[in-house]
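Have the sequence and the 3D view ready.

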Amino acid sequence: MGSGCLKVTKYFLFLFNLLFLILGAVILGFGIWILADKTSFISVLQTSSPSVRTGAYILVGVGSLTMLMGFLGCLGAVNEIRCLLGLYFTCLMMILITQVAAGLVIYFQQEGLKGELSRIVEKLIKDYDPVNGEDKNLQDAWDYVQKQLTCCGWDGAEEWEKNDILINRSMTAYPCSCSNSSKDAEENTGFCRLDVVVNGTATSADWPVHKQGCVDGVQDWLKDNLGIILGVCVGVAVVELLDAFSLWSLH
């Protein structure tokens with residue numbers, strides 16, 4: 001009877017570690033996605049914010065370590081290598097504590113992240129220049145955000161009135177990515193010229209653009225994606241606890 005329970009526990013331990021390995025790959029994938037993404041506003045964040053880039057490297061490190069521990073756990077469970085299982089149990093507890101701490105930091109940093117993104121976008125809009133190759137990736141990323149979320153500026157289209165180029169043009173042009181006109185459907189970046197101008201000047205109220213800012217859409221995106229990341233971390237933590245219980249039973 002004891003031998004049969006031990007065998008069942010060993011197979012459960014193997015399955016938990018296999019799931020552990022898969023979830024580690026998911027965490028690793030999130031980290032790589034944040035670092036490699038050049039087309040959405042995550043690019044705006046990670047290009048201008050060291051904390052986001054650091055967080056991405058932490059995800060890559062934790063994901064890689066989690067995968068390694070999952071592999072070692074599978075190996076130790078199948079071959080019943082006691083010293084390997086003991087080392088694995090110690091590392092498992094350390095990873096669990098680190099993940100819980102990281103999850104709490106991510107949760108409580110959401111408002112700070114929102115404020116940081118607001119400052120980045122405000123500066124980006126003011127300095128936006130379609131012919132400036134130095135910040136082209138960052139500018140293209142924000143154009144993509146405005147196009148996909150059908151919004152304009154951070155709090156509203158009037159923020160674009162602070163742009164130096166549009167000021168020099170007396171507001172007779174507007175950001176193409178903000179446009180709600182069918183004639184600008186193929187224009188994703190740069191400025192489009194206003195067709196009807198009164199007295200040679202205009203304001204954002206005269207532009208054929210979306211008036212709603214992007215703040216709500218960005219906030220929803222952050223909540224959804226941070227929720228997914230936290231959910232995966234919680235899932236890994238649950239697997240780790242079950243894994244630790246199985247490991248304790250095996251001993």
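Cys-152 and Cys-178 are both buried, where buried means under 20% relative accessible area, exposed means over 50%, and partly exposed is in between (1.4 Å probe, protein chains only). These two cysteines form a disulfide, with their sulfur atoms 2.2 Å apart. The bond links distant parts of the chain: Cys-152 sits in the loop between α6 and α7, Cys-178 in the loop between β1 (173-175) and β2, and they are 26 residues apart. Those labels come from DSSP runs, numbered from the N terminus: helices are H or I with at least four residues, strands are E with at least two.

A quick word on where this comes from. This is a predicted model, in which local features need pLDDT of at least 70, side-chain atom pairs count only at pLDDT 80 or more, and totals for chains, interfaces and linings use all residues. Residues are numbered from 1 along each chain as its sequence is written, and side-chain values use heavy atoms, with hydrogens and water left out.

So what is a disulfide, anyway? It's a covalent bond between the sulfur atoms of two cysteines. Here, a pair counts when the cysteine sulfur atoms are within 2.5 Å. How many disulfides does that rule give? The count comes to three, and here they are:

| Pair | S to S distance | Torsion about the S-S bond |
|---|---|---|
| Cys-151 and Cys-214 | 1.9 Å | 95° |
| Cys-152 and Cys-178 | 2.2 Å | about 90° |
| Cys-176 and Cys-192 | 2.0 Å | about 125° |

Now take Cys-151 and Cys-214, whose link is right-handed. This pair also connects distant parts of the chain, 63 residues apart: Cys-151 is in the loop between α6 (136-149) and α7 (164-168), and Cys-214 is in the loop between β2 (191-193) and α8 (215-250). Are these two buried or exposed? Cys-151 counts as buried at 2% relative accessibility, and Cys-214 is buried too, at 0%.

That leaves Cys-176 and Cys-192, joined by a right-handed disulfide. Cys-176 lies in the loop between β1 and β2 while Cys-192 is in strand β2, so the pair ties together parts 16 residues apart in sequence. Cys-176 and Cys-192 are buried as well.

Number the bonded cysteines in sequence order, and the pairing reads 1-6, 2-4, 3-5.

Finally, the UniProt record (an unreviewed entry) marks residues 12-36, 56-78, 85-108 and 226-250 as "transmembrane region". UniProt positions are given in the numbering used here, feature names are shortened, and annotations may be inferred rather than shown by experiment. In the model, residues 12-36 are 100% helix and 0% strand, with end C-alpha atoms 36 Å apart.
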